[in-house]
Amino acid sequence: MTRVLVPVEILEGESVSYGLMNLLGTMDVTVLGYHVLPEQTPPDQAREQFEERAVSALDDLAEEFREAGGAAESRLVFTHDREQTVDRVADDVNARAYALTGATGDVDRLLVPLAGDVAVDRILDFVTELVGDRDITVTLFLASEADGADALLEKAATRLGEAGITTETDVVVSGQPFEALIEAVPGHDAIVIGERAPSLSTFLRGDEAERVAAASVGPVLVVRGGQTAAESLGE
């Protein structure tokens, strides 16, 4: 089963909404509880001071995921570098995607932006497993001025339709694709987006993930890299 990494700043009271837990019920989940330390604080010292409280909070969170129907494990890390730690753990557990947590209730509508430089096959495989046989409508979105945008979305929609997923398509002719995506966010409960940056850490530090998460309020699931759309669809 596909694994999703859910990083949580465990000692800062960061929560995970029931809606996200329920959405990830078809996935294996690794809850990464992390605490970022001042540069001068040794991790062993922090572990001695905070481990018991952090483990208790992390165990409770993993149990909530299991009660929502998913298979969940947990990891605890004290670190000086959040992005490096998330990247390393994602590799260690072979996570296909990671989550930027956000508030949401039941997920009825899922926004899935596609573009020529993201791994369309990987995104569609992920969405198919994520949705399963649940009544979740997927909006496939593409903002582009290039020819063939409609064809790309139609191929993707056909593929999801064959898996029994209700799918809508939205093509916007725009030279500012990210701004067009932000305008498409309202009315959707969660977003599945492909990783565009060369590494997870670069993506997490960049403005794009933060802006998508801020615009959506709800959770954003980022599918990690692979073939581009042109490669995966043989174009």
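Predicted model: local features only at pLDDT ≥ 70, side-chain atom pairs only at ≥ 80, totals over all residues.
Two strands count as paired if DSSP finds at least two bridges between them.

**Entry 1, overview.** I started with the chain as a whole. It has nine helices and nine strands. Of its 235 residues, 50% are buried. I then looked at contacts between residues at least 6 apart in sequence, and 82% of these join residues at least 24 apart. The accessible surface comes to about 10,700 Å², with 43% of that belonging to carbon and sulfur atoms.

**Entry 2, the sheet.** In what order do the nine strands sit in the sheet? I traced β3-β2-β1-β4-β9-β8-β5-β6-β7, an open sheet with mixed pairing. The edges are β3 (71–79) and β7 (167–172), each pairing on one side only. From one strand to the next, the twist averages 25 degrees.

Next I checked β2 (residues 28–36) against β3: the two run parallel and are joined by nine bridges. For a landmark I noted G33, which stands opposite L76 in β3. Then I looked for what covers this part. Helix α2 (residues 43–67) lies across β1 (3–9), β2 and β3, and runs at about 160 degrees to β3. Helix α3 lies across β1, β2 and β3 too, at about 145 degrees to β3.

**Entry 4, α3 up close.** I went along α3 (residues 82–92) and listed its buried residues: E83, T85, V86, D87, V89 and A90. A reminder to myself: an α-helix has 3.6 residues a turn, so residues three or four places apart point the same way. Back in the model, I looked at both ends of the helix. At the start of α3, a side-chain oxygen of D81 comes to within 3.2 Å of the backbone nitrogen of E83. After the helix comes N94, and its phi is positive, near 60 degrees.

**Entry 5, β5 and its neighbours.** Is β5 enclosed or open to the outside? Four of its five residues are buried, so I put it down as largely enclosed by the rest of the structure. On to its partners. With β6 (residues 137–143), β5 pairs in the parallel sense over five bridges, and here P113 has F141 as its bridge partner. With β8 (residues 190–194), β5 also runs parallel, joined by two bridges. There I found L111 opposite I191.

Last stop was the loop between β4 (97–100) and β5 (109–113), where T104 lies. Why do I call T104 buried? Its relative accessible area is 16%, and buried means under 20%. Which residues does T104 touch, leaving aside those up to four places away in sequence? I got S17, G19, L20, D189 and P219. L20 is 84 residues from T104 along the chain, yet their C-alpha atoms are separated by 6.8 Å. For D189 I picked out a polar contact: its backbone oxygen lies 3.3 Å from a polar atom of the T104 side chain.

Note on methods. Residues numbered from 1 in each chain as written. Heavy atoms only, no water. Buried < 20%, exposed > 50% of the residue type's maximum accessible area, 1.4 Å probe, protein only. Contact = heavy atoms within 4.5 Å. Areas by Shrake-Rupley, 256 points an atom, 1.4 Å probe, with all protein chains shown as cover. Polar contact = N/O pair within 3.5 Å; in protein donor to acceptor, adjacent residues only side chain to side chain. Axes fitted to C-alpha atoms, helices over the stretch in contact; angles between N-to-C directions.
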